[in-house]
Each structure stands twice: as C-alpha cells, then as structure tokens.
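Reader: I have not seen this model before. Please take me through it one question at a time.

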Amino acid sequence: FTDENGTFVQQLSVGKGDSVNYIEYRTPPPPARFKSFKRFHSNGLLKIEGQKFHSDFNYGVWKTYDPSGSLIEEVDYEAPYTLSFDEFLKQVKAYHKERDIPEVDILHNRTTITRQNGEEGTFWFFSWELIPGRIEVLKFDDRTAEVISSSHYELMDN
C-alpha cells in the first residue's frame, strides 16, 4: 500500500510456525534514494533494521536485536568504502558528460548500483541500459574513483 506521504510500504511474512519473521520495506517517493528495511522477530520486536538502495545493496549502519529487544550488533556498511554514495554519483555523471552520454535515472528499473569489498579491494559498479536490450557496466576503483573496466551484456528475452 501507499501511505499518506506517498511512501510505498511492503509488508510480508517469511518462515513457518514459531520461526515466522515479518518484514517491512518503506520506499519514499523520489527524489529519495533509499528504502528502509525492518525485520521483526516472531514476538513482534524488531530484529534487524537498515537502509537499502533500490538495487538492494545495504547502506549505512544496520542494527540487529535479540528477541528481547536488546541491541546485539551494529554493522557500518559504509566503513570499507572511501567514496560516499554522492561522490560516486559525481564520478558517474562526469564519465557520462565526458562521453556525451545522456544522464541516467539512477532509480530506473534497469539501472543498478552495487558495491564489492574483498581481498582485491573495494569497488563500485554502475549498470544502465544505454540502448534497448544492452546493459552497460562500469567498474570504479573505490580508492581512486577511476573507471577500471567497462563492459556490456545483452538482455535476454524470456
């Protein structure tokens, strides 16, 4: 449903019997970029809360609670990254402007932003549909903000 502020709310249950958890997503209208995520224990108390970008990467600080409601963990998903979300978007816009590529709607269903943190380093990925049926993919080095690879793939019709 959509609430009185225009926020799209999704509520669902997962699991069976005593292990049912309830999940709620709240997606504010544009220009908001992040949706809130909450998962509740079967007793109704908050289990996990955080924010997600529409292409489902976790953003900011996420908190986990035990069944009695006590905070047991905080994870800062921004900590490994040098570039902020806004700095990353500036790099994408600069890349597109240098190549006369039209500005991309980051909330479009064929646009994704993802991140990777591993032994090889930290990276950002930007994917979008430049021409119908073809997804362009840029990989950015998080430390230098430089594009380190550019590729594409064809969408398959199902």
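Reader: Where does threonine 111 lie?

Author: This is a predicted model: local features need pLDDT of at least 70, side-chain atom pairs count only at pLDDT 80 or more, and totals for chains, interfaces and linings use all residues. Residues are numbered from 1 along each chain as its sequence is written, and side-chain values use heavy atoms, with hydrogens and water left out. Helices (H or I, at least four residues) and strands (E, at least two) are DSSP runs, numbered from the N terminus. In these terms, threonine 111 lies in the loop between α1 and β7.

Reader: Does threonine 111 count as buried or exposed?

Author: Buried means under 20% relative accessible area, exposed over 50%, and partly exposed in between (1.4 Å probe, protein chains only). The relative accessibility of threonine 111 is 2%, so this residue counts as buried.

Reader: Which residue has the backbone oxygen that the side chain of threonine 111 reaches?

Author: Contact means heavy atoms within 4.5 Å. Leaving aside neighbours within four places in sequence, threonine 111 is in contact with His54, Val104, Asp105, Ile106, Phe126, Ser127 and Trp128. At 3.1 Å, its side chain reaches the backbone oxygen of aspartate 105.

Reader: In what order do the elements of the protein chain run from the N terminus on?

Author: The protein chain holds one helix and ten strands. From the N terminus on, the order is β-β-β-β-β-β-α-β-β-β-β.

Reader: How many bridges join β8 to β9?

Author: Two strands pair if DSSP finds at least two bridges between them. Strand β8 (residues 121–131) and strand β9 (residues 134–141) run antiparallel. Within this pair, phenylalanine 126 stands opposite leucine 138 in β9. The number of bridges joining β8 to β9 is eight.

Reader: Which residue of β8 is the bridge partner of threonine 112?

Author: Strand β7 (residues 112–118) is joined to β8 by seven bridges, and the two run antiparallel. They form a hairpin with two residues between them. In β8, threonine 112 has as its bridge partner serine 127.

Reader: How many of the eleven residues of strand β8 are buried?

Author: For the protein chain, 35% of the 158 residues count as buried. Strand β8 is mostly covered, and the number of its eleven residues that are buried is eight.

Reader: How many cavities of 30 Å³ or more does a search of the whole structure find?

Author: Rolling a probe the size of a water molecule over the atoms shows where empty space is left. On a 1 Å grid over the protein atoms alone, a cavity is a set of points where a 1.4 Å probe fits but cannot get out. Grid points are joined across faces, edges and corners, and a volume is the space filled by probe spheres set on the points. For cavities of 30 Å³ or more, the search finds one.

Reader: Which element gives the most to the lining of the largest cavity?

Author: About 50 Å³ of space lies in the largest cavity. Its lining residues (those with an atom within 4 Å of a point) are Leu89, Val92, Lys93, His96, Glu103, Val104, Ile106 and Phe126. The element that gives the most, with four residues, is helix α1 (residues 85–98).

Reader: How many residues of that lining are nonpolar?

Author: Ala, Val, Leu, Ile, Met, Phe, Trp, Tyr, Cys and Pro count as nonpolar, Asp, Glu, Lys and Arg as charged, and the others, Gly among them, as polar. The lining of the largest cavity has one polar residue and two charged ones, and its nonpolar residues number five.

Reader: Which residue of β2 does glutamine 11 stand opposite?

Author: β1 and strand β2 (residues 21–27) pair in the antiparallel sense over seven bridges. Their hairpin has six residues between the strands, and there glycine 15 takes a positive phi near 100 degrees. In β2, glutamine 11 stands opposite glutamate 24.

Reader: Which residue of β3 does isoleucine 23 stand opposite?

Author: β2 also pairs with strand β3 (residues 34–40), in the antiparallel sense and over five bridges. The two form a hairpin with six residues between them. In β3, isoleucine 23 stands opposite arginine 39.

Reader: How far apart in space are tyrosine 59 and aspartate 76, C-alpha to C-alpha?

Author: Tyrosine 59 is in strand β5 (residues 58–65). Its relative accessible area is 22%, so tyrosine 59 is partly exposed. Apart from neighbours within four places in sequence, tyrosine 59 is in contact with Phe34, Gln51, Glu78, Phe85 and Arg115. Aspartate 76 is 17 residues from tyrosine 59 in sequence, and from C-alpha to C-alpha the distance is 7.9 Å.

How values were computed:
On a 1 Å grid over the protein atoms alone, a cavity is a set of points where a 1.4 Å probe fits but cannot get out, and a pocket is an open set with protein on both sides within 12 Å along at least five of seven lines; lining residues have an atom within 4 Å of a point. A polar contact is a pair of N or O atoms within 3.5 Å; within protein, one must be able to donate a hydrogen and the other to accept it, and residues adjacent in sequence count only if both atoms are side-chain atoms.
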